[in-house]
Amino acid sequence: MSPADMARTLGGGLLSFPVTHFHADGAFLEGPYRAHCAWMLSHELAGLFAAGGTGEFFSLTPNEVVDVVRAAAAEANGKLPVISGCGYGTAIAVEIARGAEKAGADGLLLLPPYLVGSSQAGLAAHVEAVCKATGLGVIVYNRDNAVLDDEALAGLCERNPNLVGFKDGVGDIELMTRIYARMGDRLTYIGGLPTAETFATPYLTMGVTTYSSAIFNFMPEWALNFYRAVRADDRAEVLAQLRAFVLPYIALRNRGRGYAVSIVKAGMRAVGRDAGPVRSPLTDLTAAEQDELRALIERVNAGAIAHAA
């Protein structure tokens, strides 16, 4: 599909970022990963983001990123867009972009470059180099050390028609408002703050029609019902689910540095879909925290069953 078609498709529904399955020794497990992607694809989704942040992009080699994307694309088989994680320095990002395109990706999520701070001109040059290196649609991820302002983003959009998406991981409402007011429908906007469900309702009023749900990895029905409540502006239901699940989940996530990914794999483990450990330097939840998460999930699922009855 064209970059514009890909972006429109993503904006129309919920997005998910599958975890990457690892053996105890850290090796990528393609078979279980593909089975997980197939399970996710059996539910309603607008896009699958392979080797993204939740997929531990930061711990994968460029060749592994391509392997993960190829596996996801094979399972998707054209049913919906598969977006590849992309990042590091410009040269490595360009290499990943070209490899992901050959592997069957429909687009790229361009994460911040490694560590360094930069001027707006430097960040723009980085984004533009990736856009020029591929025919894929590119979604730029504003967060951490890579925060483009509205002026730099507008210039990039003028010069690069395949820059079609903007994912916000900053939470600067003024900047988000400036970007949407200036760019309007030129871009598809994606919520990318962890945990995205927390910010979904206020962001919807700023044109952010979708977000990336890591929770979808282990509670897809819950994630879809929450998204539907957001899009229907059912604020009572959104608040009820925030209280019942999201806020306790966040409190548990905040107990450890790096737990934003670890807690998703713990959720997988809790529902009997173990994806293996996280790669270092991340650490898994403690046994007590794992038990606490399992109890929370069971309580919420039991409540959903009782409500349905």
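Visitor: What are the ground rules here?
Guide: The model is predicted, and local features need pLDDT of at least 70, side-chain atom pairs count only at pLDDT 80 or more, while totals for chains, interfaces and linings use all residues. Residues are numbered from 1 along each chain as its sequence is written, and side-chain values use heavy atoms, with hydrogens and water left out.

Visitor: Why is the F166 and Y189 pair called edge-to-face?
Guide: In general, a pair of aromatic rings is described by the distance of the centres and the angle of the planes. Rings of Phe, Tyr and Trp (its six-membered ring) pair if their centres lie within 6.5 Å; planes under 30 degrees apart count as stacked, over 60 as edge-to-face and the rest as tilted. The F166 and Y189 centres are 6.5 Å apart and the planes stand at 65°, so edge-to-face is the label.

Visitor: What makes the F166 and Y189 pair a link between distant parts of the chain?
Guide: F166 sits in strand β6 (residues 163–168) and Y189 in strand β7 (residues 188–191), 23 residues apart. Helices (H or I, at least four residues) and strands (E, at least two) are DSSP runs, numbered from the N terminus.

Visitor: Why is the F245 and Y249 pair called tilted?
Guide: The centres of F245 and Y249 are 5.3 Å apart and the planes are at 35°, so the pair is tilted. Both residues lie in helix α10, four residues apart, about one turn of the helix.

Visitor: How do you know whether F245 is buried or exposed?
Guide: Buried means under 20% relative accessible area, exposed over 50%, partly exposed in between (1.4 Å probe, protein chains only). F245 comes out at 0%, so F245 counts as buried. Y249 has 2%, so Y249 is buried too. F245 and Y249 also belong to one aromatic cluster with F218, W222 and F226, and the structure holds ten aromatic pairs.

Visitor: Why do Y88 and D233 get their accessibility labels?
Guide: Y88 is at 18%, so Y88 counts as buried. D233 has 44%, so D233 is partly exposed. Y88 is in the loop between β3 (82–86) and α4, whereas D233 is in the loop between α9 (220–231) and α10.

Visitor: What makes helix α6 "mostly covered"?
Guide: Seven of the ten residues of α6 (residues 150–159) are buried. They are D150, A152, L153, A154, G155, L156 and C157. These buried residues pack against α5 (120–132), β5 (137–142), β6 and α7 (173–183).

Visitor: What is S16 in contact with?
Guide: Contact means heavy atoms within 4.5 Å. Leaving aside neighbours within four places in sequence, the contacts of S16 are M40, L45, G47, L48, F49, S213, F216 and N217. S16 lies in strand β1 (residues 15–16) and has a relative accessible area of 0%, so S16 is buried.

Visitor: How do you know that K167 lies over the face of Y141?
Guide: A charge sits over a ring if NZ of Lys or CZ of Arg is within 6 Å of the ring centre and within 35 degrees of the ring normal. K167 is at 4.4 Å from the ring centre of Y141 and lies over its face. R273 does likewise with W39, at 3.9 Å from the ring centre.

Visitor: What lines the largest pocket?
Guide: On a 1 Å grid over the protein atoms alone, a pocket is an open set of points where a 1.4 Å probe fits, with protein on both sides within 12 Å along at least five of seven lines; lining residues have an atom within 4 Å of a point. A volume is the space filled by probe spheres set on the points, and grid points are joined across faces, edges and corners. The largest pocket has a volume of about 1,200 Å³. Of its 39 lining residues, the closest to the centre are G53, F58, R143, D144 and V261. Helix α11 gives the most to the lining, with four residues.
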